[in-house]
Amino acid sequence: MRINLASIFVDDQAKALDFYTNTLGFEKKTEIPLGDFSWLTVVSPEARDGVELVLEPANHPAVKTFRDALVADGIPFTSFSVADVQIEFERLAKLGVVFTQQPTAMGPVTTAVFDDTCGNLIQIAAMAQNPGA
Amino acid sequence: MARLLTGKCSLAFNGGVDSLLKALADPTRAAILDELVDRDGQTLFEICARLANKHGITPTRQAVSQHLAVLEGVGLLRSERAGRYKFHFIDTSPLQEISRRWPQQTPESSSERTKP
């Protein structure tokens, strides 16, 4: 058994595809129209055969309450790995991405949290470089 | 009637400083204020992450919310909603109550006291 998909609820699939590809830099992997919605996934260009992120419609009535509560408390829905949080923060901020937490060293890991414009907060994280390595 | 009101006033004032000191006399709440001095305007998530990673304090999110409520109750913290997010800010103005009640001794006032 292995994990090949991770899902995230998005308000609007077309808007989400735009943000996750053009702003974040992921690539569309699959788009299969299924009635009102699509089976829509993106992957990182750094791992095209890696885990696919499913951009899942947020149309279930419970989703809004759940996500509003998470967002109000600043809790990210998921986390992506980056090489350097500060560099990524500056790149995304220039593109107009809103951060609820600026880059912060949290022990061995540096994190930041941004709004994905599709109803979620997302954390980016990088392990601190080992100066001896 | 006037005496009654004065009495109430003085009780309220003592209660205020007492609650302020009680609010401060907790290592988790003190750490929360330290972190807000480091960067003001944090989400609950960031406060929890900083407590865990920088102070080794890992209370539940509900417990941290209660600590924030205590700090907010004595005016040391205020929370603001900005769109869908809620940020927490430190407010040190109530600490003036402490120095008002126990003012710093000036050289003049100490020498006055040592006069025979």
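This is a predicted model: local features need pLDDT of at least 70, side-chain atom pairs count only at pLDDT 80 or more; totals for chains, interfaces and linings use all residues.
Q: How many residues of chain A are in contact with chain B?
A: 23 residues of chain A are in contact with 15 residues of chain B. Contact means heavy atoms within 4.5 Å.

Q: What area is buried there?
A: About 1500 Å² between chain A and chain B, with carbon and sulfur atoms giving 56%. Buried area is the accessible area (1.4 Å probe) lost when two parts are put together, summed over both.

Q: Which residues form a salt bridge?
A: A:Asp68 and B:Arg84, with the closest N and O atoms 3.0 Å apart.

Q: Which element gives the largest share of chain A's side?
A: β6(A), with seven residues. Strands are DSSP runs (E, at least two residues), numbered from the N terminus.

Q: Switching topic. What volume does the largest pocket have?
A: About 520 Å³. Volume here is the space filled by probe spheres set on the grid points, joined across faces, edges and corners. On a 1 Å grid over the protein atoms alone, a pocket is an open set of points where a 1.4 Å probe fits, with protein on both sides within 12 Å along at least five of seven lines.

Q: Which residues lie nearest its centre?
A: A:Phe26, A:Ser44, A:Glu46, A:Phe80 and A:Ser81, out of 24 lining residues. Lining residues have an atom within 4 Å of a point.

Q: And the caveats?
A: Local features need pLDDT of at least 70, side-chain atom pairs need 80 or more, and totals for chains, interfaces and linings use all residues. Residues are numbered from 1 along each chain as its sequence is written, chains are lettered from A in the order written, and side-chain values use heavy atoms, without hydrogens or water.

Methods: A salt bridge is a side-chain nitrogen of Lys or Arg within 4 Å of a carboxyl oxygen of Asp or Glu. Helices (H or I, at least four residues) and strands (E, at least two) are DSSP runs, numbered from the N terminus.
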